[in-house]
Amino acid sequence: MKLKIRKNLALIDQHDKNFMYGGKFGGNFIPETLKKPVDDLTNLFAKLRKDKKFLKERDHYFKTYVGTPTPFIKLDNLTDHLGGAQIYAKVVSEANGGAHKIYNATVHCLIAKKAKKKYIVGDTGAGYAGKMLSMAAKKFGLKCKIFMGAKDIKRQRPNVEAIKKNGAEIVSVTTGSQTLVDAVSECMRYWVSNCDTTHMCVGSTVGPNIFIKICAWSTAQISRELFSQVEEEFGKIPRKLKLINCVGGGSSAAGFWNAFMNTTAEFIGVEAGGPKNSRLHAAPLTNGSKIGILHGAAQYVIQDKEGQIGSTESISAGLDYPGISPLHCFLKDTKRARYTSANDEEALSAYKLVSRLENISPSLEPSHAFAEAIKLAPKLDSTEVIIVNSCGDSIKDKDIIKERLGSYTR
Ligand SMILES: Cc1ncc(COP(=O)(O)O)c(C=O)c1O
């Protein structure tokens, strides 16, 4: 069956009555005990997203707390160095806390307050989702617990310290691969037993449908403001425009593309290709993974012949996840977006080039997107425009960068 996007409907609302996108991605594959809390949250969010007072409140905090709009800048030196397309960056890493995860965290805390919950829990991989949730929880007076894989605790030290400084408890997850996939599983398990008192924030556009919706609705702010910034820069939306974003769970990409759905802009998602000489990666869409169920939703997922979730590897903790948002599975199958991957070494050299030539310092996740821009730009001419979402700051990766490249300066 050929999948189609309905033009008059927001991306998050393209699902059927079973919350499936294109009849095959997403849904709510959840234990019976979660049915009521998930239904309650679904109903509450449906009300809030239409509530003018709530929207005003959200916009107020986006402006005065998140710090929007974030800058939209031309990367002149990179453009000149590569020759070809004009390259721009949306510097979302300038948002409070240093990454896009602050949008989702802020909205979840506002919702938790409306639901009269005193406790909030969340997962994190790169540590930004955890750092932002701990920040927002502190601001809005909620007690916060963050689930993080033991491997990620070791490799994302600056964010771990920030989470602790914000007064949140970190639960070190030592099951499985000790990365994001296990952190999400443990967080959901905790929520099953504590959902009466506790609100759960899923850190990306994954999980049962309501979490995908809230997250993508929150990050959509990125493209809402980018749309105006692009119109202001070019007088209109350029016909030959490429919007390049890294994809882990998919929340930054969904937010970066949302307002451009009905334009001619090309959407390019960049997954983590893993180490150059390894069979392991975290790129289910690029490598033709089959559909499976992960964290309550059907999606393309890295798995073995028996359907067990497969191992992944990436230098970037934020992209090191075997699944991918049902929204991106849908965008891939409708051919509205295309997906590719960059390996660890390509991401590192992209980081090196961009931070040497420009006054931005992308973390290893958006460095994957820059790697694709660096490959593409020289093949295009100057009538083409590339915008990269520089969605995270490299400071969290300083140890890895120092180890791999010999030095780190900021
Ligand atoms: C800076 C940054 N970019 C990208 C990602 C990937 O997540 P998503 O695909 O949900 O944007 C993460 C995840 O932790 C992140 O911290």
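Next, what I am looking at. This is a predicted model, where local features need pLDDT of at least 70 and side-chain atom pairs count only at pLDDT 80 or more, while totals for chains, interfaces and linings use all residues. Residues are numbered from 1 along each chain as its sequence is written.

**Entry: helices 4 and 5**

I started with helix 4 (101-114) and helix 5 (128-140); helices here are DSSP runs of H or I with at least four residues, strands are runs of E with at least two, and both are numbered from the N terminus. The axes of helix 4 and helix 5 cross at roughly 40° and come within 8 Å. Helix 4 and helix 5 are therefore oblique to each other. I noted a right-handed crossing where helix 4 passes helix 5 (right-handed if the near helix is turned clockwise from the far one by less than a right angle, left-handed if anticlockwise).

Which residues of helix 4 meet helix 5? I found K101, I102, A105, T106, C109 and K113 on the helix 4 side, facing Y128, A129, M132, L133, A136, A137 and F140 of helix 5. Contact means that C-beta atoms, placed from the backbone, lie within 7 Å. By class, this contact has ten nonpolar, one polar and two charged residues. For the classes, Ala, Val, Leu, Ile, Met, Phe, Trp, Tyr, Cys and Pro are nonpolar, Asp, Glu, Lys and Arg are charged, and the others, Gly among them, are polar.

**Entry: helices 2 and 4**

Helix 2 (residues 52-66) packs on helix 4 at about 135°, with the axes 11 Å apart. That angle makes helix 2 oblique to helix 4. The crossing of helix 2 past helix 4 is right-handed. I listed E57, R58, Y61, Y65 and V66 from helix 2 against I102, Y103, T106, V107 and L110 from helix 4. Seven nonpolar, one polar and two charged residues make up this contact.

**Entry: the two domains**

I looked up the domains, whose bounds come from an automatic or database domain assignment. Domain 1 is 31-61 + 100-215 and domain 2 is 68-98 + 220-405. Their centres, taken over C-alpha atoms, are 23 Å apart. Where they touch, 31 residues of domain 1 contact 36 residues of domain 2. On the domain 1 side, helix 8 gives the most, with five residues. That side divides into 15 nonpolar, twelve polar and four charged residues.

**Entry: the ligand**

Which residues come nearest to the ligand? Of the 21 residues around it, they are G248, S251, G318, E365 and G392 (near means a C-beta atom, placed from the backbone, within 6 Å). Helix 5, helix 11 (251-257) and helix 14 (364-376) are the elements giving two or more residues to this shell. I counted nine nonpolar, ten polar and two charged residues in the shell.

Most residues other than glycine have a negative phi, and most peptide bonds are trans. F19 is not a glycine, yet its phi is positive, about 65°; F19 sits in the segment before strand 1 (20-21). The T68 to P69 peptide bond is cis, with omega near 0°. P69 is in the loop between helix 2 and strand 3 (72-74).

Key
Two residues are in contact if their C-beta atoms, placed from the backbone, lie within 7 Å. Axes are lines fitted to C-alpha atoms, for helices over the stretch in contact, and angles run from 0 to 180 degrees between N-to-C directions. Angles under 35 degrees count as roughly parallel, over 145 as roughly antiparallel, 65 to 115 as roughly perpendicular and the rest as oblique.
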